[in-house]
Amino acid sequence: MAAALTPTNISNLLSVDEEYPAPKIVVDQVQNKHWKADYERSVKDPEGFWADEARKFTWTKPWTKVLDWDGVHHQWFVGAKTNITINALDRHANSERKNRAAFIWLGEDGTEKIVTYGQLYRQVCRFANGLKSLGVGKGDRVIIYMPLTMEGVISMLACARIGAIHSVVYAGLGHTALRDRINDAQAKVIIAGDVGFRRGKTVPLKPIVDEALDGIEFVEKVVVYSRQPTELTGIEVDFNDLMKFPPECPAEEMDAEDPLYLLYTSGSTGKPKGVLHVHGGYMVGITYHLQSYFDVGERDVFWCTSDIGWVVGHSYIVYGPLCAGATTLFREGAIDYPNPGIAWEIVERYAVSKIFTAPTALRMFMRFGEQYPQKYDLTSLRLIACAGEPLNPEAWRWAQTYLAGDGKWGYVVDNWWQTELGGPAIGTPATYPMRPGKCGVSVPGSVADVVDADGKSVPPGVGGRLVLKQPFPYMLRTVWGDAARYERDWQVIPGCYITGDVALKDKDGYITVLGRADDVLNVAGHRIGTAEVESALVSHPAVAEAAAIGIPDQLKGETIKCFVQCRAGHTPSEALAAALTEHVRRELGPIATPSAIEFVAGLPKTRSGKILRRFLKAKEMGVDAGDVSTMEG
């Protein structure tokens, strides 16, 4: 059992001007000691930098040019041929690594599956041959609507193996969202599970597929992965029948710029769009950052708590770890079920060394209290990396104290990226000091900046648009079926990719991401990020999570309303609301004082963990919230 922790050098809530040095035990073990040099070279000589990284992979034909960029469209490793699965599977299965665990899969009920690289190679080849028997080939689109299982991962890799373009839809999205994605991708085949399992309950999936497909004529086959007795009819095919084909399937030779997958954005800011990623540059970039930023290698057991339905799951459950030859743990179901300590029991049991999770999860663990992690030995845990929402300083402080041993054994860091980017663009490396409330600095390959409407860099501490000033290999190539939508993001400010987020930058280049542009409040002419108000609330010991929205006001333009979820042991009351209002006033000043605080049992979120402020605001205003198909039910 881990000893009880007493905060030492982070005993007080750190202000935005303070920093926490990277723990020596972490720095000493980091594989990439030359992060700063990597960054400087990636900016000054991006073609040379990425060419050197690309040479670490197997290509069936070399490139003739590293980068072709016209200011909007970019191509990497032009003319090169490969297939991402050659690097994810073949080079491990044909080496001494073949008996190493590629995956440790856990079910909510304690079921465990360990799959080696050799076994995974054979299973993927079998299913790839099975898909080919259905007429699936290069360029065909395949929708994958599967629970978080090995079979879901195998489906993705088998599509990539034969050159089909997969589009994973989070299992649990409603039939309308699924139907929209099937139609947009013009999918030839659907691969779906009959059920998933979450919080001890069976979640029906096939009825959602049936309803989504009603009236659609172009889908040729539905492959059903059955975990319960299921009667198949019409165009339906048994998943297990496609696993009976030969265990050898040569990888389809793909151009570096050939599509690998489509992934539709979560819809937290409106209509989803089909983001397109490719075989070559995506493979090189995400693997580099797994090994360099996340510091994951063959020595690690890496736990990514995402789902394959999101970009984090694509990059850091499936493709990145396999290309790096790592062992990845992933688990179906809720991270706090069947008890709030299950995550730490898993860390102890499997000696997990690196975790990639979301601030939402850390705030949830904080709400349950430190007694749960203190029951387990977490000393194997070197790095916890967060992304998906702004990481509140108080949530960071709690996690650094109780999950990372206050630096005695681990480090909690933040990073920022999007579905469109494929991998990190901003973050705090394991060798850099963490500045709570600030995400970090530009990572190698990325030139992030905060600019005004004319594209000019704003002074430190001044809010502006978050942009990227040059492309990198693992960025999207286009929006499926809507090239103009992609091109607009490069043309608002010529030469810059508009991320849609608002941010601040300090004098040393550390960036604070305040949230989406439409999540920035304008109170009496003052621009206040929802993340600032929410962080101030979460720094109060009674608050687990908070969401802030702007309400139109004739005098001030907007006033601030906050929705608050209490930590265990605290009860909503008028007195607490008054105390929280005064707390925010003290933390941020009078201009940021909430006009109203409403206590809630939980906050509406997308299934990837992002708070749906748009939904809260629409409900408050009595208007339509738009597309909320990805909201957690």
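**Close-up views of a predicted model**

**View 1. Gly464 meets its partner across two strands.** The bridge partner of Gly464 is Ala503, which sits in β26. Strand β24 (residues 464-468) and strand β26 (residues 497-505) run antiparallel and share four bridges. Two strands count as paired if DSSP finds at least two bridges between them. Strands (E, at least two residues) and helices (H or I, at least four) are DSSP runs, numbered from the N terminus.

This is a predicted model, in which local features need pLDDT of at least 70 and side-chain atom pairs count only at pLDDT 80 or more, while totals for chains, interfaces and linings use all residues. Residues are numbered from 1 along each chain as its sequence is written, and side-chain values use heavy atoms, with hydrogens and water left out.

**View 2. Four strands form an open sheet.** Follow the order β23-β24-β26-β27, where the pairing is antiparallel. At the edges lie β23 (448-451) and β27 (511-516), each pairing on one side only. In general, strands of a sheet pair through backbone hydrogen bonds, either parallel or antiparallel.

**View 3. Thr360 is a buried residue.** Is Thr360 buried or exposed? Thr360 is buried because its relative accessible area is 12%, and buried means under 20% (exposed is over 50%, partly exposed in between; 1.4 Å probe, protein chains only). Thr360 belongs to helix α12 (residues 359-368). Leaving aside neighbours within four places in sequence, Thr360 is in contact with Glu389, Glu545, Lys605 and Gly609; contact means heavy atoms within 4.5 Å.

**View 4. How confident is the predictor?** The chain averages a pLDDT (the predictor's confidence in each residue, from 0 to 100) of 91, and 92% of the residues score at least 70. Over residues 1-16, the pLDDT is below 50.
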